[in-house]
Amino acid sequence: MPTARQRVRAELTAEITEAARRQLAEVGAAGLSLRAVARELGMASSAVYRYFPSRDDLLTRLIIDGYDALGEAAEAADDPAAAPERRWAAVCAAVRDRARAHPHEWALLYGSPVPGYSAPRDTVPAASRVGVVLGRVLADAARAGRLHGYGGRVPGLLGDVAVEILGQDAPGIDDAVRVRALLAWSALYGTVSFELFGHLTGSVEDADAYFARAVAELGALIGLTADGPPD
């Protein structure tokens with residue numbers, strides 16, 4: 001059981017990060033300031049620095065929290081009992097829903113880089129959570145004979161991280177499948193970003209219908225179709 005000191009620290013950390021999220025919505029990531037957060041909370045700047053030694057530490061916390069929230073949404077949407085193409089569509093829809101509900105958080109994760117900030121490797125596990133869910137869908141589809149490739153690895157094409165995330169060593173998962181999956185994963189995020197940042201305005205009449213069609217096309221690209229993979 002946490003001590004009273006630990007509980008107080010956890011509560012203050014949560015208050016600081018929540019205030020930082022509000023500031024993120026008002027001024028953007030580049031304008032995030034520990035001093036402004038301290039003023040909003042009525043705290044001395046020195047007190048905030050005891051929890052987050054720098055703006056970059058606070059940004060990292062916000063980024064990890066954002067990735068984790070996105071991953072949790074994807075995990076909650078995945079129903080292992082459903083058909084692979086339905087699981088894919090449900091996970092994609094959950095990513096879009098989360099992004100639309102928290103656009104400033106999405107912009108922090110996938111928008112313009114923050115000047116002077118470089119995300120540490122601490123962010124990688126959280127950033128991979130959606131990919132892990134998609135990889136699990138692929139692995140289950142492969143075990144059911146719903147995916148096809150040509151077998152094996154292609155030297156210099158994909159790194160070990162992509163292999164680990166996208167299906168690991170499940171039978172039927174090879175670099176051909178992973179390339180299609182990585183393309184679909186990045187296209188999913190690009191489609192969501194286009195919608196959120198207004199780039200579909202004038203090009204798409206019905207955003208919901210377009211997204212559903214795009215997700216179906218991306219699933220078919222991987223091989224997740226109701227009729228199984230193409231010949």
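Axes are lines fitted to C-alpha atoms, for helices over the stretch in contact, and angles run from 0 to 180 degrees between N-to-C directions. The model shown in these views is predicted.

**View 1. The crossing of helices H1 and H4.** The axes of H1 and H4 lie 10 Å apart and meet at an angle of about 85°. Because angles of 65 to 115 degrees count as roughly perpendicular, H1 is roughly perpendicular to H4. On the H1 side, the contact is made by Thr13, Ile16, Thr17, Ala20 and Arg21. Their partners on H4 are Leu58, Arg61, Leu62 and Asp65.

**View 2. Helix H1 along its length.** The 24 residues of H1 should span 34 Å at 1.5 Å a residue, and the end C-alpha atoms, 34 Å apart, agree with this. Buried in H1 are Thr13, Ile16, Thr17, Ala19, Ala20, Gln23 and Leu24. These buried residues pack against H2, H3, H4 and helix H6 (residues 103–110). After H1 comes Gly28, with a positive phi near 85°.

**View 3. The buried side of helix H2.** Helix H2 comprises residues 34–41, and its residues Leu34, Val37 and Ala38 are buried. These three lie on the same side of H2, because they cover an arc of only 100° around the axis. An α-helix has 3.6 residues a turn, so residues three or four places apart point the same way. The cover over the buried residues of H2 includes helices H1 (4–27), H3 (45–49) and H4 (55–77).

View 4. At the N-terminal end, Ser33 caps H2, with a side-chain oxygen 3.2 Å from the backbone nitrogen of Arg35. Gly42 follows H2 and has a positive phi, near 70°.

Conventions:
Residues numbered from 1 in each chain as written. Predicted model: local features only at pLDDT ≥ 70, side-chain atom pairs only at ≥ 80, totals over all residues. Heavy atoms only, no water. Buried < 20%, exposed > 50% of the residue type's maximum accessible area, 1.4 Å probe, protein only. Helix = DSSP H or I, 4+ residues; strand = E, 2+ residues; numbered from the N terminus. Arc of directions from axis to C-beta. Contact = heavy atoms within 4.5 Å. Polar contact = N/O pair within 3.5 Å; in protein donor to acceptor, adjacent residues only side chain to side chain. Expected span 1.5 Å × (residues − 1). Parallel < 35°, antiparallel > 145°, perpendicular 65-115°, else oblique.
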